[in-house]
Amino acid sequence: MTSNLSWVPPEVDTTVPNPARVYDYWLNGDHNFQADRDLGEQILRIMPGIRDAARLNRAFLRRAALHMVEAGVRQFLDIGSGIPTVGNLHEIVQGIDPSCRVVYVDRESVAVAHAKLLLRGNDRCAAIQADLRDANDIFDAPETRELLDPEQPIGLFMLLLLHFVPDSWDPHAILARYRERLAPGSFLAISHVAADADSSGLDEAIEAYKSTQNDPIPRTHDQVLSFFEGFDVIEPGVVGCAMWNPQGAGDMSNDPEINSLPYAGVGRKPS
């Protein structure tokens, strides 16, 4: 785990846990602090399968990315990308076609700082610090304009992100701004904590998460499906994360409860 804090941006309070760093801890990453590990362990005691759920979400990222590459997409935008860890989006898509370009976006300065370190020497990738709500700022950032062609399809990822967006922010309006900027043939991938799945301990885990100053908002299947307005939802639709086109035993859990969490889906903007 991280012990040398000399790289930490000065505005970061390492005593306050952060969802991206807790997620990194569950994935056995190195970019987390004691406060993140303490909260991660607390939630693991409440929901012992949460680490499997994090791993399955990462597997969904891989499958969704492969689907998009197979459909001809060669440029990607990952909003709320979090702390760099094994199986990053650029590693997946550039492993198939080295010409693929990826822009990572996060509002967490630690995540962006680490992403920039990871991407040194890769001129087809960039990381920028921005807020999800600033769609135009993200698309018009110099790094985005350099790497992504707005006239061509883009693969847009928002994984485990929108459940941190309260209704007061109007997430549908936020998504509409992204949809308007995407060329026809673009894809949108979403994963989101489920409110209507049978998952013991979810309410208690959400209460524990309040210490991160980011309150998760689980949503129902219909609510998550509504985020794909203006997109054609790809089969098998919005389903439990592990159930979205699994490719092998490594994409599944032995726990049916974990396989239903979170919801995940991919949509394509019509031509």
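Buried residues are those with under 20% relative accessible area, exposed residues have over 50%, and partly exposed ones lie in between (1.4 Å probe, protein chains only). Helices (H or I, at least four residues) and strands (E, at least two) are DSSP runs, numbered from the N terminus. The structure is a predicted model, in which local features need pLDDT of at least 70 and side-chain atom pairs count only at pLDDT 80 or more, while totals for chains, interfaces and linings use all residues. Residues are numbered from 1 along each chain as its sequence is written, and side-chain values use heavy atoms, with hydrogens and water left out.

The protein chain holds 11 helices and 8 strands. Of its 271 residues, 55% count as buried. Contact here means heavy atoms within 4.5 Å. Among contacts with a separation of 6 or more, 75% come from residues 24 or more positions apart.

Helix α4 (residues 89–96) has Leu89, His90, Ile92, Val93 and Gln94 as its buried residues. The cover over these residues includes two helices, α3 and α5 (109–118). It also includes the strands β1 (75–79), β2 (101–106), β3 (125–129) and β4 (155–159).

One of these covering elements, α3 (residues 50–70), packs against α4 at an angle of about 35 degrees. Their axes are 10 Å apart. Axes are lines fitted to C-alpha atoms, for helices over the stretch in contact, and angles run from 0 to 180 degrees between N-to-C directions. The crossing of α3 and α4 is right-handed. A crossing is right-handed if the near helix is turned clockwise from the far one by less than a right angle, and left-handed if anticlockwise. On the α3 side, the meeting residues are Leu61, Arg62, Ala65, Leu66 and Val69. On the α4 side, they are Leu89, Ile92, Val93 and Ile96. By class, this contact has 8 nonpolar, no polar and 1 charged residues. Ala, Val, Leu, Ile, Met, Phe, Trp, Tyr, Cys and Pro count as nonpolar; Asp, Glu, Lys and Arg count as charged; the others, Gly among them, count as polar.

The crossing of α2 and α9 is right-handed. Helix α2 brings Leu39, Gln42, Ile43 and Ile46 to the contact, and α9 brings Glu204, Ala205, Ala208 and Tyr209. These comprise 6 nonpolar, 1 polar and 1 charged residues.

Helix α1 (residues 19–26) is largely enclosed by the rest of the structure, because 8 of its 8 residues are buried. They are Pro19, Ala20, Arg21, Val22, Tyr23, Asp24, Tyr25 and Trp26. Their cover includes α2, α3, α5 and α9.

A nonpolar core is a set of buried Ala, Val, Leu, Ile, Met, Phe, Trp, Tyr and Cys residues joined through side-chain atoms within 4.5 Å. The largest such core has 33 residues. Leu77, Ile79, Leu132, Met158 and Tyr178 have the most contacts inside it. The elements giving two or more residues to this core are β1, β2, β3, α6 (135–140), β4, α8 (171–181) and β5 (187–192). A second, separate core of 30 residues includes Ala115, Leu119, Cys125 and Phe187.

Leucine 77 touches Leu148, among other residues beyond four places in sequence. Leucine 148 is found in the loop between α7 (142–147) and β4. It counts as buried, at 6% relative accessibility. Leaving aside residues up to four places away, leucine 148 is in contact with Gln75, Phe76, Leu77, Arg101, Val103 and Ile154. Leucine 148 and arginine 101 are 47 residues apart in sequence, but 7.1 Å apart in space, C-alpha to C-alpha.

Some backbone features remain. Most residues other than glycine have a negative phi, and most peptide bonds are trans. Leucine 160, in the loop between β4 and α8, has a positive phi of about 45 degrees. It is partly exposed, at 22% relative accessible area. Asparagine 245 also has a positive phi of about 45 degrees. It lies in the loop between β7 (239–240) and α11 (256–259), and is partly exposed at 32%. A cis peptide bond joins glutamate 235 and proline 236, with omega about 10 degrees. Proline 236 sits in the loop between β6 (232–233) and β7.
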